[in-house]
Amino acid sequence: MSISKLIYQFRIDLLGIEPVIWRRIQVPADYSFWDLHVAIQDSMGWLDYHLHEFRVKRPSGRKVIEIGIPDTETDRDILSGWEVPISDYFVEPGVIAAYDYDFGDGWQHKILLEGVLLKELSVKYPVCVAGERACPPEDCGGIPGYESLLMVLSKPRTNEYKDMVSWLKGHAKNYFPYQAEHFSPEKVEFWNPEKRWQIAFGKHA
């Protein structure tokens, strides 16, 4: 069957936070890793302001391959995500990959291929079909900063609370009021990954 008629269903878990922040998305099987990166960013709620990287094993072997944005300043061999089809590595349900975002804050995700489905003509892909809890605010300082943020927001009428509210409101995205337990899959909006690539790199793919 043509890959253009297939859909990959992924579950994305943000590691290190309980209760878990997770998403379930369906994307075209002919996506590249760059396309998947954009879908992960949009479904999780990240703003794509920082570097990212996938780590996944070859289908036949134990070697872990790094896929993302090539690093021209070091000798690290990172494959260009826009040149690598996800179908080269996600060859069957059960395949797991790591997805790291913002190497400063250190957000780590587990990406699980849950299933391969037939494309439905009535559905516009990609689509977020499920998930729980809000994404942490961008640049909040990783897991320790996120936990501190929640603690401060639980204590109104303090100077720390006022400062945090000011920071949330003044962010590139207005995060206030931040509702950690709230997430609506139907409100997820997905970017065109090619347009995102053009904005990121300033030229045509």
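Student: Why is Asp 100 called buried?

Tutor: Its relative accessible area is 12%, and buried means under 20%, exposed over 50% and partly exposed in between, with a 1.4 Å probe and protein chains only. So 12% puts Asp 100 in the buried class. Before we go on: this is a predicted model, where local features need pLDDT of at least 70, side-chain atom pairs count only at pLDDT 80 or more, and totals for chains, interfaces and linings use all residues. Residues are numbered from 1 along each chain as its sequence is written, and side-chain values use heavy atoms, with hydrogens and water left out.

Student: What makes the contact between Arg 55 and Asp 100 a salt bridge?

Tutor: The N to O distance is 2.3 Å, and a salt bridge needs a side-chain nitrogen of Lys or Arg within 4 Å of a carboxyl oxygen of Asp or Glu. The pair joins Arg 55 in strand E3 to Asp 100 in strand E6, 45 residues apart; strands are DSSP runs of E with at least two residues, helices are H or I runs of at least four, and both are numbered from the N terminus. Arg 55, at 28%, counts as partly exposed.

Student: What about Glu 53 and Arg 76, how do you know that their side chains meet in a salt bridge?

Tutor: N to O is 2.5 Å there, so the pair passes the salt-bridge test. Glu 53 sits in strand E3 and Arg 76 in the loop between E4 and E5, 23 residues apart. Glu 53 is buried at 5%, whereas Arg 76 is partly exposed at 37%.

Student: Which residue forms a salt bridge with Asp 42?

Tutor: Arg 196, with the closest N and O atoms 2.6 Å apart. Asp 42 belongs to helix H1 and Arg 196 to helix H4, 154 residues apart. Asp 42 has 12% relative accessibility and Arg 196 has 9%, so both count as buried.

Student: How do you know that the charged end of Arg 196 sits over the ring of Trp 191?

Tutor: The charged end is 4.6 Å from the ring centre, and the rule asks for NZ of Lys or CZ of Arg within 6 Å of that centre and within 35 degrees of the ring normal. Arg 23 does likewise over Phe 183, at 3.5 Å.

Student: Why is the pair of Phe 33 and Tyr 89 called edge-to-face?

Tutor: Their centres are 5.9 Å apart and their planes make 75°. Rings of Phe, Tyr and Trp (its six-membered ring) pair if centres lie within 6.5 Å, with planes under 30 degrees apart stacked, over 60 edge-to-face and the rest tilted. So 75° lands in the edge-to-face class. Phe 33 lies in helix H1 and Tyr 89 in the loop between E5 and E6, so the pair ties together parts 56 residues apart in sequence.

Student: What makes the link between Arg 133 and Glu 181 a polar contact?

Tutor: Their side chains come to 2.9 Å; a polar contact is a pair of N or O atoms within 3.5 Å, where within protein one must be able to donate a hydrogen and the other to accept it, and sequence neighbours count only if both atoms are side-chain atoms. The Arg 133 side chain also reaches the backbone oxygen of Pro 19 at 2.6 Å. Arg 133 is buried, at 6%.
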